[in-house]
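Q: Please take a close look at one part of this structure and walk me through it step by step. Then show me how another region is put together.

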Amino acid sequence: MTTPVLQARGLVKRYGKVTALAGSDLELLPGEILAVIGDNGAGKSSLIKALSGAVVPDEGEIMLDGAPVSFSTPIDARNAGIETVHQTLAVSPSLDIASNLFLGRERRRKGVLGTVFRMLDRNGMRDEARRQLDALGIMTIQNPGQAVETLSGGQRQAVAVARAAAFGSRVVIMDEPTAALGVRESRAVLDLVLQVRERGLPVILISHNMPHVFEVADRIHIQRLGRRKAVVDPKTVSMSDAVAIMTGAMEPPEQAA
Amino acid sequence: MSTTLSSKQDPGPLGGDHVDRSPLSRIQHLLHAQATIGPAVVLLVSIVVFALMSDRFLQPGNISLILQQVAVVGTLAVGQTIIILTAGIDLSCGAIMVLTSIVMAKVAAETGLPGVPALLLGFLVGTACGLINGMLITRLKLPPFIVTLGTLNVFFALNLWYSESATIRGTEMPSLLLWTGETFTIGGTRITYGSIIMVVLVGVMAFVLKNTAWGRHVYATGDDAEASRLSGIRTGRVLLSVYATAGAVYALSAWILIGRIASASPQAGQLENLDSITAVVIGGTSLFGGRGAIIGSLLGALIVGVFRNGLALAGVDVLWQTLAVGVLIIVAVSLDQWIRKVKP
């Protein structure tokens with residue numbers, strides 16, 4: 001059996017009397033798209049936040065390639081190769097595309113200009129941004145020097161995905177990437193998700209949109225009441241059964257996946 | 001509005017810039033991309049108008065006077081700009097400047113401390129005041145407006161207490177503290193070293209904001225603090241460093257202030273905090289953070305200086321000068337709101 005790239009065991013997170021995670025597990029296999037679905041309050045967000053370093057779980061362990069890790073900030077998770085596309089995108093609208101792609105990890109010029117005067121390698125970053133956008137087939141964004149606020153919702157999402165794909169070396173987590181988008185933009189973003197997988201990066205995709213989930217996911221993790229209720233194969237389980245398991249109307253079939 | 005009808009080819013869901021814009025929309029996009037064009041045009045037009053209204057306006061002596069008058073507010077506006085870029089505001093900048101000038105001058109006058117250490121002491125005081133603002137804002141999570149409203153009074157009271165409300169005369173100080181008021185002559189125009197310090201400071205800060213990661217982080221933090229945090233920027237540290245840097249910049253203003261009035265007065269610079277905000281706003285920097293430039297604030301300070309001076313030369317009463325500045329502020333902020341509504 002292959003070692004999961006990212007594995008969580010028995011994660012617990014309590015906020016006062018509210019238990020958001022009640023011993024949740026998660027396994028992400030190499031090169032797959034794992035969708036995480038669940039009703040509101042099922043603990044999807046807390047689970048994802050624990051994996052991306054945004055919250056520190058009270059109990060449980062997280063393993064990356066089989067080795068235990070602990071993240072106390074989003075930066076820790078990023079340094080470990082886990083990139084997250086947040087639902088709010090976490091882009092700075094007034095900065096340009098290249099600046100956003102490198103936000104928080106800017107490249108400096110070589111030599112004295114970089115070390116003493118701390119000058120940024122603006123051209124280098126722009127070229128790299130250009131390359132990353134091209135690599136994901138987002139050719140239509142003409143100029144990486146363009147401000148993000150001049151972009152449409154789908155284009156902004158593309159920038160955020162490009163950033164994650166460019167820097168994520170192990171795992172890319174996407175939180176509701178299609179939630180705010182129209183039909184055609186959603187289509188294009190789903191293609192981006194598939195392209196990230198084609199690059200060999202496993203993806204955790206959180207979504208409320210069942211057709212999207214069933215279209216791209218290799219496996220579906222169903223979260224319910226703070227625990228992993230089941231992991232199902234979208235090719236053998238129907239959309240309505242998945243929803244039934246998610247809402248508790250149906251028990252999961254004998255341990256699939 | 002013209003954009004929806006006119007897209008000839010479909011650029012695809014993730015693509016393409018819209019073409020065909022109305023002239024007004026073009027101006028909006030231009031100002032959106034280059035926020036300093038607006039104040040630059042206003043400054044040029046006002047210079048031309050005032051030169052036509054009065055022969056004396058463009059005379060070297062008058063230009064020298066405007067530059068001297070602008071130097072204090074211009075440097076304060078540099079500190080104010082980096083704070084406003086983070087969506088903050090600093091009402092205490094004038095109080096920090098005055099307190100700093102009093103400490104530098106009084107310690108030097110009473111203990112015979114030479115000029116250089118007296119200046120360094122001033123930078124220490126200014127930076128410490130800025131750090132206090134920054135700590136209250138980042139640690140106690142208080143709004144910058146309230147924090148600096150409070151520290152404005154605290155610093156001003158400390159200034160009155162330490163100075164015992166007495167002015168320190170220039171003759172009691174080391175000459176280095178007065179050097180900013182000294183002049184040299186270019187083409188008949190006497191220029192103070194203080195105005196040169198202002199211009200150099202503007203250049204350095206503009207460079208830092210544009211070319212360093214810290215500069216990007218200042219803009220990003222002001223634009224969307226939560227997004228910046230998720231991107232791995234330590235926004236608390238950025239804010240702290242911005243307020244501390246602004247404090248150090250105010251110490252520079254204090255030095256220029258001493259040179260300008262050839263003394264250190266606890267009552268000087270009472271309204272400079274609002275004047276610096278005026279310069280920043282007229283210079284096209286948005287009060288909502290994340291948008292603007294240092295050069296704009298210099299232009300803003302110059303516009304206010306030119307307006308006051310030009311109207312005075314034209315024989316217009318002070319009250320109308322003040323009214324004109326007020327109108328300028330409202331026009332500048334309305335323009336900013338309009339520019340912000342730019343459509344992709």
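A: Begin with helix α5 of chain B: its axis and that of helix α6 (residues 115–138) of chain B come within 9 Å and cross at roughly 150 degrees. Keep in mind that this is a predicted model. An angle over 145 degrees counts as roughly antiparallel. So α5(B) and α6(B) are roughly antiparallel to each other. Their crossing is right-handed.

Now look at who touches whom. From α5(B) come Ile96(B), Leu99(B), Thr100(B), Val103(B), Met104(B), Val107(B) and Ala108(B). They meet Ala118(B), Leu119(B), Leu121(B), Gly122(B), Val125(B), Gly126(B), Cys129(B) and Gly130(B) of α6(B). Sorted by class, this contact has eleven nonpolar and four polar residues, and no charged ones.

Turn to the other partner. Helix α5 (residues 93–111) of chain B also comes within 8 Å of helix α7 (residues 144–163) of chain B, axis to axis, and the two cross at roughly 20 degrees. That angle makes α5(B) roughly parallel to α7(B). Here the crossing is left-handed. On the α5(B) side, the contact uses Ala95(B), Ile96(B), Val98(B), Leu99(B), Ile102(B), Val103(B) and Lys106(B). On the α7(B) side, Leu152(B), Phe155(B), Phe156(B), Leu158(B), Asn159(B), Tyr162(B) and Ser163(B) take part. The classes are eleven nonpolar, two polar and one charged.

An α-helix has 3.6 residues a turn, so residues three or four places apart point the same way.

Next, chain A. It has an open sheet of six strands, in the order β6-β7-β8-β3-β9-β10, with mixed pairing. Strands β6 (82–85) and β10 (227–232) of chain A stand at the edges. Each has a single partner strand, so one side of each is left without a neighbour in the sheet. Neighbouring strands are turned by 20 degrees against each other on average, direction ignored.

Step into the sheet at β8(A). Four bridges join β7(A) to β8(A), and the two run parallel. Four bridges also join β3(A) to β8(A), again in parallel. Ile204(A) of β8(A) is the bridge partner of Ile173(A), and Ile204(A) also stands opposite Leu34(A). Both faces of β8(A) are covered. Val203(A) and Leu205(A) are buried on one side, Ile204(A) and Ile206(A) on the other. In a regular strand the side chains alternate between the two faces of the sheet.

One more pairing: β3 (residues 33–38) and β9 (residues 219–224) of chain A run parallel over five bridges. There Leu34(A) stands opposite Arg219(A) of β9(A). Helix α9 (residues 239–247) of chain A packs on the sheet and touches β3, β9 and β10 of chain A. Its direction makes about 30 degrees with that of β9(A). Helix α7 (residues 183–198) of chain A lies across β3, β7 and β8 of chain A. That helix runs at about 160 degrees to β8(A).

Finish with helix α1 (residues 44–52) of chain A. This helix is mostly covered, with nine of its nine residues buried. Among them are Lys44(A), Lys49(A) and Leu51(A). Gly53(A) follows α1(A), and the phi of Gly53(A) is positive, near 85 degrees.

Key: Residues are numbered from 1 along each chain as its sequence is written. Chains are lettered from A and ligands numbered from 1 in the order in which they are written. This is a predicted model: local features need pLDDT of at least 70, side-chain atom pairs count only at pLDDT 80 or more; totals for chains, interfaces and linings use all residues. Two strands pair if DSSP finds at least two bridges between them. Axes are lines fitted to C-alpha atoms, for helices over the stretch in contact, and angles run from 0 to 180 degrees between N-to-C directions. Two residues are in contact if their C-beta atoms, placed from the backbone, lie within 7 Å. A residue is buried if 20 or more other C-beta atoms lie within 10 Å of its own, exposed if 12 or fewer, and partly exposed in between; C-beta atoms are placed from the backbone. Angles under 35 degrees count as roughly parallel, over 145 as roughly antiparallel, 65 to 115 as roughly perpendicular and the rest as oblique. A crossing is left-handed if the near helix is turned anticlockwise from the far one by less than a right angle, and right-handed if clockwise. Ala, Val, Leu, Ile, Met, Phe, Trp, Tyr, Cys and Pro count as nonpolar, Asp, Glu, Lys and Arg as charged, and the others, Gly among them, as polar.
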